[in-house]
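Let's take a friendly walk through this model together.

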Amino acid sequence: MQITKLFGYLLISSFILIGCSDDDDNTLVSNALQANNKKPLGSSANDLLSATNFNSLTIEIVAVQGFEPTSQAIQGFREFLQDRLFKPDGVTITQRSIPSSGKAPFSIEEVAEIENTTRTLFNKEDDITVYVYFADGSKENDTNEQVTLGSAYLNTSIVIYEGTLRALSIRPNSPSLSAIETATLNHEFSHLLGLVNLGTPLQSEHEDPDASNHCNVSNCLMEAAIEFGSGMMGMGNVIPELDAQCIADLQANGGK
């Protein structure tokens, strides 16, 4: 089974959101804690992979009403995390729905603003948190030939363009929605884990010279084409997996 061939280039935005406040001490403490979750992409790779500083992981999934991920995708995502991360106290995935922002199509800056107003969980004690927003639309500048399925944009922040995923899933001979969601979640989270050459050092030369921070191994989860749907061509509902070189990178940085 195939989906229509789509090409594009992922904008992996790495920027720090900095603010100041005249509020009371509790607010200042809260801002300081939040700052740990608003660092450049890839900078928390070891913290996510290992148990050195954090024994558990909490995923906060916030979805626009009517654009929630499938239960199969959440289960596949959980299994991926359990296979790759050392978190002896486990992985928790929380989900809730919110009204539409009405901002689609989205810029990364708009997504970051939505996170600022909807994220409620931040690193605490030995628990590291990741925010995932399921948007009711597409990324700005998408075209009929070039679309983005998701973006990792800070050290613990991901957006999934669920509107785009659903549009792809109804095309003739396309993979199921749950397969596309799972592949996109796993791919974007792997960018948080520092792949490829994005905070997790390379153990071998496998970064695609034509697509930074992606793998040059055909059919690897981190192949750039996966980001845009074309990498799932011919795979039906089989979820792409990390190739041996990507796994070796993660293992050298504290992962499984």
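**Starting from Phe189**

Beyond its neighbours within four places in sequence, Phe189 is in contact with Leu48, Leu57, Ile59, Phe77, Leu81, Leu85, Val130 and Ile158. Keep in mind that this is a predicted model.

Phe189 belongs to the largest nonpolar core, a set of 43 residues. Along with Leu57, Ile59, Leu81, Val132, Met222 and Leu242, Phe189 is one of those that touch the most other members. Helix H6, residues 177-192, supplies the largest share of this core, with five residues. Apart from this core lies another one of 15 residues, including Ile108, Tyr131, Val159 and Tyr161. As background, nonpolar side chains tend to be buried together in soluble globular proteins.

Now follow H6 to a helix that packs with it. How do the axes of helix H5 (residues 162-169) and H6 cross? They come within 9 Å and cross at roughly 140°. An angle over 145 degrees would count as roughly antiparallel, so H5 is oblique to H6. The crossing of H5 past H6 is right-handed. On the H5 side, the contact is made by Glu162, Leu165, Arg166, Leu168 and Ser169, while H6 brings Leu177, Ile180, Glu181 and Thr184. Sorted by class, this contact has four nonpolar, two polar and three charged residues.

Finally, step back to the whole protein chain. Eight helices and five strands make up its secondary structure, and along the sequence they follow the pattern α-α-β-α-β-α-β-β-β-α-α-α-α. Of its 256 residues, 53% count as buried. Among contacts between residues at least 6 apart in sequence, 76% join residues at least 24 apart.

Methods
Residues numbered from 1 in each chain as written. Predicted model: local features only at pLDDT ≥ 70, side-chain atom pairs only at ≥ 80, totals over all residues. Heavy atoms only, no water. Core = buried A, V, L, I, M, F, W, Y, C linked by side-chain atoms within 4.5 Å. Buried < 20%, exposed > 50% of the residue type's maximum accessible area, 1.4 Å probe, protein only. Helix = DSSP H or I, 4+ residues; strand = E, 2+ residues; numbered from the N terminus. Contact = heavy atoms within 4.5 Å. Axes fitted to C-alpha atoms, helices over the stretch in contact; angles between N-to-C directions. Parallel < 35°, antiparallel > 145°, perpendicular 65-115°, else oblique. Left-handed = near helix turned anticlockwise from the far one by under 90°. Nonpolar A, V, L, I, M, F, W, Y, C, P; charged D, E, K, R; others polar.
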